[in-house]
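Hi everyone, thanks for making time today. I'd like to walk you through a structure that may be new to you, so please have a look at it with me.

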Amino acid sequence: MDTPKQVAFAIADALLAGECSHIALMKNVSWVLGRKWPWIPALCQKIYRHAGRHFYHYSRHEIAALILDDHGYYDAWRGEDKPQIKQYCLLPAITPEKPAWLQALALPEFNNSADLARHLNLTVSELAWFADQWRQDAQAVPQLGHYHYRWLEKAKGGWRLLEIPKSRLRNIQSKILQQLLNRVPPHAAAQAFQQGLSSISHAAQHTGKRVVVRLDLKDFFTSIPGSRLHALFAKLGYPENVAGTLARLCSNRTPGAIFRNKTDKPQASISAAHLLRSPHLPQGAPTSPALANLSAYRLDMRLQALAGSMQARYSRYADDLTFSGDDEFEQSLQRFIPRVTAIVLEEGFVLNYKKTRIMRASTRQQVTGIVVNSHCNIKRADYDTLKAILTNCLRHNPASQNREGHANFRAHLAGKLAYMRMINPARTAKLQTLFEQISWSDSTAKA
């Protein structure tokens, strides 16, 4: 017996291959199901109103989602007489003319898998090998998989899985990033993973405000499923088979053995493990940051509109959502945060409620580790700690302060200074003077 999802996809295929009118949509649904169900007119009217003139720009996944979300369609599966597929549409979906914004991107053209393989300097069979992340043999034999895995402990408890593509897949993903994804701009609110932007540009947008609200997206990368990547590449004008191949090249499904081998660490939460075992955006692939930003485009668009309606500013740094404003925004907080929560859920993400912070001007307002009460500034504790380390390096020797065993302690401290100098050059000048007075001749400071 066909499942609701299978039937929805069969209907979506028939609709996208036919004329986009209310009557034509009804005829095509009835053709697939072999009869006229009473809920078909209302479903087709909903699809027609929702998609309108952009109908052929929708993917089969998006049309199927509209069908599965329909109350009439849902109720039809509750009785004994359930909708079943009587005929399949084998015609290809009608290809719409590329909109002006897509033409302006000048993305490489791939009409089929052979075109994509040639562009990546692969044979078609090699492309199939690297794109097939669901092979059973790769689950049983890690050597056949395309990723290395490493568990990293989070600063505030818990564990994060780093999924690092092996060299050949990494090279393929780098080409996709450089020649395709880098040509597609993310939403202006996205501040991470982009040249010329940083945590400082993110924080600078929220200085001198009466109230700053910071929220955090839970499992940001892994909560972006392979199906969402498929839909994204389809939106960029690629045929379904090419979009699916690109999505599989950029997604991963973590083998169960990775969880079983984690003997000296606590098991991942049930929700986190479920996301990792399903096709998802791997944290560690070169394509993942760009794809994460593009996948959150509609989230950014809706949150920016919501913030603007309440006289607030919005920006996002990876999984960090930050809003700021003055009196009007502060007065709207009671209804603002629930509305943000609803939008986040509707866009397929989840908030980590433990990390929600409401910071008023009377307290320290901090965004991505930067104090923003009046201007971007360094946290006093961080400044004092680094000053103490540099002073002790000068009084004693650098090796005595390298308690964490950094391979190159001088470079480590220089990096901290460079970061602080970007935030507050004047205040960092005193620390730079101390750094330059230190004698680094002791080789243990680098070992």
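Let's begin with the largest nonpolar core, which has 63 residues; Phe 233 and Phe 323 are the ones with the most contacts inside it. Helix 19, residues 333-346, gives the most to this core, with six residues. Do keep in mind that this is a predicted model.

What does Phe 233 touch, leaving aside its neighbours within four places in sequence? Its contacts are Leu 180, Leu 181, Tyr 238, Ala 243, Leu 246, Ala 247, Cys 250 and Leu 291. There is also a second, separate core of 33 residues, and Val 7, Cys 20, Cys 44 and Ile 67 are among its members.

Val 7 brings us to helix 1, where it is buried, along with others including Phe 9, Ile 11 and Leu 15. This helix covers residues 4-16 and reaches 18 Å from its first C-alpha to its last, close to the 18 Å expected. Which helices do its buried residues pack against? They pack against helix 2, helix 3, helix 4 and helix 5.

Now over to strand 3, residues 211-216, where six of six residues are buried. In a regular strand, side chains alternate between the two faces of the sheet. Here, Val 211, Val 213 and Leu 215 lie on one side, with Val 212, Arg 214 and Asp 216 on the other, and both faces are covered.

And the partners of strand 3? It runs antiparallel to strand 5, joined by six bridges, and also pairs with strand 6 in the antiparallel sense over four bridges. Val 211 stands opposite Gly 325 in strand 5 and opposite Arg 360 in strand 6.

Technical notes
Residues numbered from 1 in each chain as written. Predicted model: local features only at pLDDT ≥ 70, side-chain atom pairs only at ≥ 80, totals over all residues. Heavy atoms only, no water. Buried < 20%, exposed > 50% of the residue type's maximum accessible area, 1.4 Å probe, protein only. Helix = DSSP H or I, 4+ residues; strand = E, 2+ residues; numbered from the N terminus. Pairing = 2+ DSSP bridges. Expected span 1.5 Å × (residues − 1). Contact = heavy atoms within 4.5 Å. Core = buried A, V, L, I, M, F, W, Y, C linked by side-chain atoms within 4.5 Å.
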